[in-house]
Amino acid sequence: MVALLLITFVIALASFPPPTSSKSNAKSCLTSAVKVCFDGIARGAPVKPACCASLKEHHTCLCDIIKSRMVDTSVLSSSLKSCGMPNPKC
């Protein structure tokens with residue numbers, strides 16, 4: 001039983017690698033306004049004008065957010081297109 005718990009712990013630990021500088025940078029890019037937008041984008045909700053403004057303001061963070069896999073790239077691409085923004089070149 002103890003061996004099984006140890007194996008489970010090791011597998012779980014290996015599944016979550018330590019954060020890199022890119023991920024911590026992505027978190028620093030997330031203001032509450034941008035986070036609300038990504039929550040809506042992830043659910044497939046229409047992008048509100050306020051969210052488009054936040055995305056445009058934080059466009060330099062998009063590559064870090066994409067790399068951290070916070071939002072599916074195809075969903076984000078569609079949302080950026082609806083805001084009149086090009087896809088970021090990461």
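**Close-up views of a predicted protein model**

The mean pLDDT of the protein is 74, and 73% of its residues reach 70 or more, where pLDDT is the predictor's confidence in each residue, from 0 to 100. Residues are numbered from 1 along each chain as its sequence is written, and side-chain values use heavy atoms, with hydrogens and water left out. This is a predicted model, in which local features need pLDDT of at least 70 and side-chain atom pairs count only at pLDDT 80 or more, while totals for chains, interfaces and linings use all residues.

**View 1. Confidence along the chain.** Confidence is lowest in helix α2 (residues 21–29), at a mean of 50, and highest in helix α4 (residues 49–57), at 87. Helices (H or I, at least four residues) and strands (E, at least two) are DSSP runs, numbered from the N terminus. Over residues 20–26 pLDDT stays under 50, and for these residues the model has 7 contacts beyond four places in sequence, a contact being heavy atoms within 4.5 Å.

**View 2. The disulfide of Cys37 and Cys51.** The protein has 2 disulfides, each defined as a pair of cysteine sulfur atoms within 2.5 Å. One of them joins Cys37 to Cys51, with an S to S distance of 2.3 Å, and this link is left-handed, with -100° about the S-S bond. Cys37 lies in helix α3 (residues 32–43) and Cys51 in helix α4, so the pair ties together parts that are 14 residues apart in sequence. Both Cys37 and Cys51 are buried; buried means under 20% relative accessible area, exposed over 50%, and partly exposed in between (1.4 Å probe, protein chains only).

**View 3. The disulfide of Cys52 and Cys83.** A disulfide also joins Cys52 to Cys83, with an S to S distance of 2.0 Å. The torsion about its S-S bond is about -75°, so the disulfide is left-handed. Because Cys52 lies in helix α4 and Cys83 in the segment after α6 (73–82), the pair ties together parts that are 31 residues apart in sequence. Cys52 and Cys83 are both buried.

**View 4. The two faces of helix α4.** Within α4, the residues Cys51, Cys52, Ser54 and Leu55 are buried. They cover an arc of only 160° around the axis, which puts them on the same side of α4; the arc is that of the directions from the helix axis to the C-beta atoms. The face turned away from this buried side carries the exposed residues Pro49, Ala50 and Glu57.

**View 5. Helix α6 and the residue Ser79.** Leu76, Ser79 and Leu80 are buried in α6. They cover an arc of only 100° around the axis, which puts them on the same side of α6. An α-helix has 3.6 residues a turn, so residues three or four places apart point the same way. The face of α6 turned away from its buried side carries the exposed residues Lys81 and Ser82. Ser79 counts as buried because its relative accessibility is 7%, and, leaving aside neighbours within four places in sequence, Ser79 is in contact with Ile41 and Val47. Just after α6, Gly84 takes a positive phi of about 75°.
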